[in-house]
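Please keep the sequence and the coordinates in view while reading.

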Amino acid sequence: PLNIDVSLCETGDYEQIETEIAKGCKVLYLETPTNPTIKITDIERLSIAAKKVGEYFVENDIELVYGGANVGLMKIVADEVLAGGKKVVGIMPHLLLEKEVEHKGITELIAVDTMSERKEIMSNISDGFIALPGGLGTLDELSEIFIYNQLRISDKPIGLLNTCGYYDNLLKFIDSGVTYGFIRPEHRQNIIADDNIENLIKRMYSYEPVVMGKWIKDIKMESN
């Protein structure tokens, strides 16, 4: 359990409760005379974070490009952006369209033949990439964008919204790659991670790509 001042519940200061939960992201049980039980799980915390992403996009006039599905955390983001009157573009292969998982309320849905084409279009029309907590599809997309970034195929910033420390283990894996010499330290530095969407995007705006010639030259020298 988290150490939350019970008076926060008695006064109904739920915004402050959310702030405290964000520090630990555990299951929270609080009992008070006016609020017998409050329970917030990590999954609910992820949903709250996704909603805040959508709110931030609306407040800062940012359009959304995503996979176009009507499920998961990205549905929450898309719904919030749409509710704020901003443009949402979804890109989905026919395989998934046949399964009827597309979001039917988005501004534009681009149908493609393959997953590879989907990722290519998403990369081309986006100004930056933010990964919310997700599964193997998210990891696949991240890996491809990491490589694009490394090879300077794309110089667009990559951000991980690390809600509840979800990406901590992935970052540890990448750090191990640096330690063993499989990943360049400067490429690790290109990966921006933060648990706060406002801070994350501010850091992404300040992103400067690594000059490719330098690290290629370094690798050749190290290989001799």
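Across which strands does helix 6 lie, and at about what angle does it run to strand 4? Before the answer, a note on the basis of the description. The model is predicted, with local features requiring pLDDT of at least 70 and side-chain atom pairs counting only at pLDDT 80 or more, while totals for chains, interfaces and linings use all residues. Residues are numbered from 1 along each chain as its sequence is written, and side-chain values use heavy atoms, with hydrogens and water left out.

Helix 6 lies across strand 3, strand 4 and strand 5 and runs at about 160 degrees to strand 4. Helices (H or I, at least four residues) and strands (E, at least two) are DSSP runs numbered from the N terminus; axes are lines fitted to C-alpha atoms, for helices over the stretch in contact (heavy atoms within 4.5 Å), and angles run from 0 to 180 degrees between N-to-C directions.

The three strands form an open sheet in the order 3-4-5, with parallel pairing; two strands pair if DSSP finds at least two bridges between them. Strand 3 and strand 5 (108-112) are at the edges with a single partner strand each, so one side of each has no neighbour in the sheet. From one strand to the next, the twist averages 15 degrees. Strand 4 (residues 88-93) is joined to strand 5 by five bridges in the parallel sense, and Ile 91 stands opposite Ile 110 in strand 5.

The largest pocket has a volume of about 1400 Å³. On a 1 Å grid over the protein atoms alone, a pocket is an open set of points where a 1.4 Å probe fits, with protein on both sides within 12 Å along at least five of seven lines, and lining residues have an atom within 4 Å of a point. Grid points are joined across faces, edges and corners, and the volume is the space filled by probe spheres set on the points. Of its 48 lining residues, Val 65, Tyr 66, Met 74, Met 122 and Ile 130 lie nearest the centre. Helix 7 gives the largest share of the lining, eight residues.

Most residues other than glycine have a negative phi. Asp 61, in the loop between helix 3 and strand 3, has a positive phi of about 55 degrees. Arg 152, in the loop between helix 7 and strand 7 (158-161), has a positive phi near 60 degrees.
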